[in-house]
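Dear colleague,

Please find the structure we discussed below. I should be grateful if you would read the notes that follow with the coordinates open.

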Amino acid sequence: MDLSYDTLVVIGCVVLSVVALTIMYFVTGQGPKVAASHILVKTKEEAESIYAGLSGRSGKDLESAFKQAAYQSSLCPSGQQSGGNLGTFGLGVMDPIFEKACLEQKIGDVGPPVPTGFGCHLILVHDRQGMDPKQD
């Protein structure tokens with residue numbers, strides 16, 4: 001198959017455009033985002049104990065109890081500084097296991113303990129933006 005010079009130039013431009021858009025997507029943070037808080041502890045047993053104390057709560061009561069637990073128990077600086085609030089972050093920033101939990105978990109609820117290489121997390125997802133509505 002012989003391709004003309006013009007065809008090759010067009011293909012090259014398309015490839016470069018896709019690469020540029022992909023880089024812009026990740027660099028500018030225009031992709032999907034998650035707003036979440038977490039509590040990081042050393043063991044799954046510690047996380048399960050805190051999780052049990054949070055179960056049955058919802059709304060502002062859950063948020064308040066979660067913040068208090070983060071201030072008291074979290075090993076992450078976010079726990080001491082902001083009650084575990086990580087703010088809003090794009091995909092590809094956090095540990096992949098942590099991100100997967102943030103994407104699968106129901107907004108406004110605390111999911112079960114999530115073990116990662118850093119320890120064991122309890123995650124409270126506040127919001128997701130720029131995602132397929134079926135995932136929200």
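Is Asp61 buried, partly exposed or exposed? With a relative accessible area of 41%, Asp61 is partly exposed. Please bear in mind throughout that this is a predicted model.

**Overall architecture**

The protein chain contains 5 helices and 4 strands. Along the sequence these elements follow the order α-β-α-α-α-β-α-β-β. The chain has 136 residues, of which 32% count as buried. Among contacts in the chain with a separation of 6 or more, 59% are between residues 24 or more positions apart.

**Salt bridges**

Searching the whole structure gives 2 salt bridges. In one of them Asp61 pairs with Arg57, and the closest N and O atoms are 3.2 Å apart. Arg57 is, like Asp61, partly exposed: the relative accessibility is 35% for Arg57 and 41% for Asp61.

Another salt bridge joins the side chains of Glu104 and Lys100, at 2.9 Å from N to O. These two residues are 4 positions apart in helix H5, so about one helical turn separates them. Glu104 is exposed, at 56% relative accessible area, whereas Lys100 is partly exposed at 49%. As a general point, side chains of opposite charge can pair when their charged atoms come close.

**Helix H3**

Helix H3 covers residues 59-73. Leu62, Ala65, Phe66, Ala69 and Ala70 are the buried residues of H3. Because these residues cover an arc of only 140 degrees around the axis, they lie on the same side of the helix. Lys60 and Gln72 are exposed on the face turned away from that buried side. The packing partners of the buried H3 residues are strand S1, helix H2 (44-54), helix H4 (77-82) and strand S4.

**Helix H5**

Helix H5 comprises residues 96-104, and Phe98, Glu99, Ala101 and Cys102 are buried in it. Viewed down the helix axis, the buried residues of H5 fall within an arc of 160 degrees, and they therefore line one face. Pro96 and Glu104 are exposed on the other side of H5. The N-terminal end of H5 is capped by Asp95, which has a side-chain oxygen 2.8 Å from the backbone nitrogen of Ile97.

**Two buried polar residues in the strands**

Ser37 belongs to strand S1 and is buried, with a relative accessible area of 4%. What does the side chain of Ser37 meet in a polar contact? The partner is the side chain of His126, at a distance of 2.7 Å. Beyond its neighbours within four places in sequence, Ser37 is in contact with Phe66, Gly84, Asn85, Leu86, Leu122, Ile123, Leu124 and His126. Phe66 in this list is also one of the buried residues of H3.

His121 is found in strand S4 and is likewise buried, at 5% relative accessible area. Its side chain makes a polar contact of 3.0 Å with the side chain of His38. A polar contact of 2.9 Å links the side chains of His121 and Thr116. Leaving out residues up to four places away in sequence, His121 touches His38, Ile39, Leu40, Phe98, Pro112, Pro113, Val114 and Thr116. Of these, Phe98 is listed among the buried residues of H5.

**Cysteines**

How many disulfides does the model contain? The count is 0, with the sulfur atoms of a pair required to lie within 2.5 Å. Cys76 is buried at 17% relative accessible area, and Cys120 is buried at 2%. Both values fall under the 20% cut-off for a buried residue. Cys102 is buried as well, in helix H5.

With kind regards

Note on methods
Residues are numbered from 1 along each chain as its sequence is written. This is a predicted model: local features need pLDDT of at least 70, side-chain atom pairs count only at pLDDT 80 or more; totals for chains, interfaces and linings use all residues. Side-chain values use heavy atoms; hydrogens and water are left out. Buried means under 20% relative accessible area, exposed over 50%, partly exposed in between (1.4 Å probe, protein chains only). The arc is that of the directions from the helix axis to the C-beta atoms. A polar contact is a pair of N or O atoms within 3.5 Å; within protein, one must be able to donate a hydrogen and the other to accept it, and residues adjacent in sequence count only if both atoms are side-chain atoms. Contact means heavy atoms within 4.5 Å. The expected span of a helix is 1.5 Å times one less than its number of residues. A salt bridge is a side-chain nitrogen of Lys or Arg within 4 Å of a carboxyl oxygen of Asp or Glu.
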